[in-house]
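Come along while I look things up, one entry at a time.

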Amino acid sequence: MKFKEKNGKSGRTNVDLNSIREESEWAVDAEDLVVHYVTSAETVEAVNSIDLKLKKKRTLGLVGETGAGKTTAMLALMRMVPDPPGEIVRGRICINGLDM
């Protein structure tokens with residue numbers, strides 16, 4: 001979906017992004033996030049159904065063992081999982097109220 005700027009220039013949908021951002025209390029809202037790395041040899045289930053909610057103006061520290069999926073989970077939130085071999089298999093990600 002494309003968004004129309006306040007001056008009405010580009011896009012198909014007339015949406016004021018600032019009003020959406022103000023309505024949501026969550027900076028990050030992810031549900032049932034699943035990420036796999038698929039190669040010809042195997043499929044690695046890097047992130048298995050995580051939920052994460054982070055309120056605006058808050059800080060989160062993510063701690064875990066090496067290889068637990070911390071980096072992959074955060075890359076998925078930013079839609080930066082390298083494809084291939086990585087793929088976001090399922091889940092919903094909203095950033096400041098916008099469904100990514």
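**Entry 1: Arg92 and its partner.** I started with Arg92, which is partly exposed, with a relative accessible area of 26%. This is a predicted model, so I keep that in mind throughout. I looked for a charged partner and found Glu31, which forms a salt bridge with Arg92, the closest N and O atoms being 3.0 Å apart. Glu31 lies in strand E1 and Arg92 in strand E3, so this pair ties together parts that are 61 residues apart in sequence. Glu31 counts as partly exposed too, at 34% relative accessibility.

**Entry 2: Asp32 and Arg90.** Next I checked Asp32, whose side chain meets that of Arg90 in a salt bridge (2.7 Å, N to O). Asp32 sits in strand E1 and Arg90 in strand E3, so the pair ties together parts that are 58 residues apart in sequence. How accessible is Asp32? I noted it as partly exposed, with a relative accessible area of 28%. Arg90 counts as partly exposed as well, at 43% relative accessibility.

**Entry 3: Asp29 and Lys53.** I then turned to Asp29, which forms a salt bridge with Lys53; the closest N and O atoms are 3.6 Å apart. Here Asp29 lies in strand E1 and Lys53 in strand E2, so the pair ties together parts that are 24 residues apart in sequence. Is Asp29 buried or exposed? I found Asp29 buried, with a relative accessible area of 10%, because buried here means under 20%. Lys53, on the other hand, counts as partly exposed at 46% relative accessibility.

**Entry 4: the wider tally.** A search of the whole structure gave me 5 salt bridges. I also asked which residues are joined into one network by salt bridges that share partners. They are Asp29, Glu31, Lys53 and Arg92.

**Entry 5: how the strands pair.** With those charged pairs noted, I looked at the strands themselves. Strand E1 (residues 26–38) is joined to strand E3 (residues 86–95) by 8 bridges, and the two run antiparallel. I saw Val28 standing opposite Ile95 in E3. E3 is joined in turn to strand E4 (residues 98–99) by 2 bridges, again antiparallel. There, Ile95 stands opposite Leu98 in E4. The hairpin of E3 and E4 has 2 residues between the strands, and in it Asn96 takes a positive phi near 50°.

**Entry 6: Leu52.** I moved on to Leu52, which is found in strand E2 (residues 43–55). Leu52 is buried, with a relative accessible area of 17%. What does Leu52 contact, leaving aside its neighbours within four places in sequence? I listed Val28, Asp29, Ala30, Leu60, Met74 and Leu77. The C-alpha atoms of Leu52 and Ala30 are separated by 5.0 Å, although the two residues are 22 residues apart along the chain.

**Entry 7: His36.** I also looked up His36, which lies in strand E1. His36 is buried, with a relative accessible area of 16%. Not counting residues up to four places away in sequence, His36 touches Thr43, Val44, Glu45, Ala46, Pro85, Gly86, Glu87 and Val89.

Entry 8: Last, I checked the confidence of the prediction. The chain averages a pLDDT of 84, and 78% of the residues score at least 70. Over residues 1–6 the pLDDT is below 50, and beyond near neighbours in sequence this stretch has 19 contacts in the model.

Notes. Residues are numbered from 1 along each chain as its sequence is written. This is a predicted model: local features need pLDDT of at least 70, side-chain atom pairs count only at pLDDT 80 or more; totals for chains, interfaces and linings use all residues. Side-chain values use heavy atoms; hydrogens and water are left out. Helices (H or I, at least four residues) and strands (E, at least two) are DSSP runs, numbered from the N terminus. Buried means under 20% relative accessible area, exposed over 50%, partly exposed in between (1.4 Å probe, protein chains only). Contact means heavy atoms within 4.5 Å. Two strands pair if DSSP finds at least two bridges between them. A salt bridge is a side-chain nitrogen of Lys or Arg within 4 Å of a carboxyl oxygen of Asp or Glu. pLDDT is the predictor's confidence in each residue, from 0 to 100.
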